[in-house]
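The sequence and the structure are shown first.

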Amino acid sequence: MRVLLVDDEKELVSTLAERLELRGIEAGWVISGEEALKQVETETYDVAVLDVKLPRIDGIRLKKKLEEKSPNMKFIFMTGHGSEDDYRVGSMEAGAEYYLVKPVNIELLVKKMREILKE
Amino acid sequence: MGFELGILGDAGLQFFGKMTASISHEIKNVLAIINEDAGLLEDLASLAEKGRPLEIERVKVLAGKMKAQIKRGDEIVKWMNRFAHSINEPLQVVDLDEILTLMASLAERPSLMREIALEKEPRRGRVTVRTKPFILENLIWLCLDFAMAGAGGSKTVVLGCEAGENGVRIRIKGLKGLSELRGETFPREEHKALLRAVKGDLAVDTEAGELVLVLPPDAG
């Protein structure tokens, strides 16, 4: 499984990537939507975990752009902003497979990624 | 009078909501980072129990990162607390440089999301006014919000204040794109109501790329 993590908090996303690697999951990370779009031009990922609130390109718009380049990629949104119900509905309407609230439970994230890729 | 209070109330609630949402988002990010750092420490400890050597330097670095985030979180709470105390007294003598420092901190995340660097000029002596702090902060936020749209290519907005003959001036500078906002109504009704409440005046200088907010020494 190869995962791309996108969040503008560098320390968060780099540490999360390291923890996923310790669990045997290949994880790349970037801190912006633009970097994510560049990354998928040369690398293939099974799942993208996107922060909903990113500068310039928000997570939902980024998902649409990433889908154009990688139609088979699955998506999980994460956020620390707003009410969980609002964002759950928003992210599901945007076609995400799952939605997580920060601080992220890594075991739950891994479990959901494995479920998504089995489907 | 009722209509005016309605505008002030609505503007105030929106401002309060926006600021607290931004603050909560920042605190969530701090907690999320600490969560990951603590989780990584747990992971390393689990691996050490299974025989993998524990990298002591790595543990020290992680501990240092967590302390830095705690310091960051504490700073955010400090600004939130200062914001909350803005409504202690309806009319107070305030240090304008402190108000601008507070607003620059509260507006940091919204400005970063728009890729604008928000700077405050160094303090030039003590500039005070007797005014309505929450309403003034609301007004400064609305001006900043407009200013960020007018930052144009410069991407840096600078806040400053100075004492003058008949009051004080707050300047929001670096707005190279103001001329592109000609179609936008500014000040809007909520700006005008807030200005009346603090007995202030607002000027837009498109050539200089500045918004200037003039306040009397006493808004009482």
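## A buried residue in chain B

In this predicted model, Ile23(B) is buried, with a relative accessible area of 7% (buried means under 20%, exposed over 50% and partly exposed in between, with a 1.4 Å probe and protein chains only). Ile23(B) belongs to helix α1 of chain B (helices are DSSP runs of H or I with at least four residues, numbered from the N terminus).

Apart from neighbours within four places in sequence, Ile23(B) is in contact with Ile76(B), Met80(B) and Leu106(B), contact being heavy atoms within 4.5 Å.

## Interface between chains A and B

Contacts join 23 residues of chain B to 20 residues of chain A. The buried area is about 2,100 Å², with 51% from carbon and sulfur atoms; this is the accessible area (1.4 Å probe) that two parts lose on being put together, summed over both. Lys28(B), Glu36(B) and Met113(B) supply 29% of the area that chain B buries against chain A, more than any other three residues.

## Salt bridges

Seven salt bridges are counted between the two chains (a side-chain nitrogen of Lys or Arg within 4 Å of a carboxyl oxygen of Asp or Glu). Arg19(A) forms one with Glu36(B), where the closest N and O atoms are 3.1 Å apart.

## Basis of the values

Local features need pLDDT of at least 70 and side-chain atom pairs 80 or more, whereas totals for chains, interfaces and linings use all residues. Side-chain values use heavy atoms, without hydrogens and water, residues are numbered from 1 along each chain as its sequence is written, and chains are lettered from A in the order in which they are written.

How values were computed. Helix = DSSP H or I, 4+ residues; strand = E, 2+ residues; numbered from the N terminus.
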